[in-house]
Amino acid sequence: MFKGRSREPVCFCVESLRQEKSFSIDSLEIQYGLHVCILYSTKPLSDSDWHDIGGRIRTSANGMILHVGTSSSYNDAAKLRQAYLDAKLACSLGIYNTDRLHYANIQNIQQPEVNILEPFHAIKEPLIHDLQILNMEGALERVHNLFSVLKSQQAAPDQILRVCRWVVESAQKELQEFETLYKGDPHLRLYESIASSMSFSVIERGFTDHLSKILFDIRAHRLEMSGTAVETIKRGISANYNQHADLNTLANMVFLTPSYLSKLFKQETGLTLTDYITEIRLRKAKHLLKNVPDLKIHEIGSEVGYGDPAYFNKLFKHVVGVTPNEYKRISIV
């Protein structure tokens with residue numbers, strides 16, 4: 001497998017191999033800058049043969065940045081897919097090679113066992129917490145630490161892609177605005193970016209830069225919204241105080257996540273959303289008790305959103321200090 005930043009060095013090297021008389025070649029361009037070649041030989045290629053092929057590629061590359069990976073020799077056509085995967089892995093590990101030409105045979109690669117779930121699970125909960133409170137610095141530091149583990153394990157691009165997807169999916173779940181700001185299909189964007197990158201540092205920088213921009217835009221949007229979001233929610237509650245107040249519905253009204261809205265509301269009002277709704281309802285209940293004496297207690301409870309009379313009585317006494325009946329009697333007097 002040949003991979004380059006552009007088609008020119010790849011095509012040039014493939015053509016130079018075609019001049020080799022000891023074997024024939026089929027080649028296929030998988031995507032821009034990525035070629036697969038199948039070498040046919042009358043005998044298994046020896047280490048010396050692979051060395052000679054490497055020398056020809058090195059001469060053809062002439063200092064251009066190029067990653068080349070080769071498989072073992074197989075004499076069974078059913079092994080073609082395995083040969084492809086071998087060459088792909090050997091080629092992909094060029095992201096860790098600082099030389100301009102990376103040339104590796106799968107037989108010379110000792111790939112350690114990589115458990116990519118482990119480093120992600122180690123940061124998952126604190127990462128989610130940082131995303132919820134939009135602690136950009138903390139979230140990006142955790143992602144950087146995750147990449148450091150991947151680099152130390154020399155994770156293959158497919159494994160890096162999987163980890164990046166987990167981070168994106170966590171952000172999508174915790175940040176309502178993320179999907180809107182992450183233009184296009186995030187998984188396709190990740191795949192294209194990682195597949196075309198020629199170094200690990202470029203993969204990390206590209207991912208974290210884009211993630212950082214989105215988090216910055218979300219934080220700026222929320223700071224802009226925070227002055228009006230709570231007032232919008234308060235007006236919505238006042239207008240519909242007797243209906244069930246679903247946190248997700250309230251959060252959608254102001255384009256915030258439920259967890260962030262809860263924190264923001266408590267920060268600006270000193271009350272939780274539940275306490276604020278209770279305050280509005282009981283304020284209305286006291287008004288009815290005082291000014292509409294013909295209404296029965298259970299009717300007032302139902303009117304302000306409490307269909308269970310026993311619960312309404314208990315809550316009213318807990319908050320106000322007297323039962324609804326006692327409050328009504330005091331108010332009339």
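Me: Where do the charges sit on average, I mean how far apart are the mean positions of the positive and negative ones in the protein chain?
Reply: The mean positions of the 38 positive and 38 negative charges are 5 Å apart, where Lys and Arg count as positive and Asp and Glu as negative, with His and the chain ends not counted. The place of a charge is taken as NZ of Lys, CZ of Arg, CG of Asp or CD of Glu.

Me: What kind of model is this, and how are residues numbered?
Reply: This is a predicted model, in which local features need pLDDT of at least 70 and side-chain atom pairs count only at pLDDT 80 or more, while totals for chains, interfaces and linings use all residues. Residues are numbered from 1 along each chain as its sequence is written, and side-chain values use heavy atoms, with hydrogens and water left out.

Me: How many helices and strands are there?
Reply: The protein chain has 15 helices and 5 strands, these being DSSP runs numbered from the N terminus, with at least four residues (H or I) for a helix and at least two (E) for a strand.

Me: Why is it called more spread out than a compact globule?
Reply: The radius of gyration of the protein chain is 32 Å, well over the 20 Å that the globule rule gives for 333 residues, so the chain is more spread out than a compact globule. That radius is taken over C-alpha atoms, and the rule is 2.2 Å times the number of residues to the power 0.38. Along its principal axes, the C-alpha trace spans about 110 × 40 × 30 Å.

Me: What share of the residues is buried?
Reply: Of the 333 residues, 41% count as buried, which is to say under 20% relative accessible area, whereas exposed is over 50% and partly exposed lies in between (1.4 Å probe, protein chains only).

Me: Changing topic, where is Thr-70, and what does it touch?
Reply: Thr-70 is in strand E4, residues 66-70, and with a relative accessible area of 9% it is buried. Leaving aside neighbours within four places in sequence, Thr-70 is in contact (heavy atoms within 4.5 Å) with Trp-50, Asp-86, Ala-87, Ala-90, Tyr-103, Ala-104, Asn-105 and Ile-106.

Me: Which residues of H3 are buried, and what do they pack against?
Reply: The buried residues of H3 are Ala-83, Asp-86, Ala-87, Ala-90, Cys-91 and Ser-92, and they pack against strand E1 (2-4), E4, E5 and H6.

Me: What span should H3 have?
Reply: At 1.5 Å a residue, the 13 residues of helix H3 (residues 80-92) should span 18 Å, and the end C-alpha atoms are 18 Å apart, which agrees; the expected span is 1.5 Å times one less than the number of residues.

Me: And how far does H6 reach?
Reply: Helix H6, residues 157-174, has 18 residues and reaches 26 Å from its first C-alpha to its last, close to the 26 Å expected. Its buried residues include Ile-160, Leu-161, Val-163 and Cys-164.

Me: Which residues have a positive phi although they are not glycines?
Reply: Asn-62 has a positive phi of about 50°, and so does Gln-154, also at about 50°. Asn-62 is found in the loop between helix H2 (47-61) and E4, whereas Gln-154 is found in the loop between helix H5 (136-152) and H6.

Me: Are those two exposed or buried, or what do they count as?
Reply: Asn-62 counts as exposed at 66% relative accessibility, while Gln-154, at 35%, counts as partly exposed.
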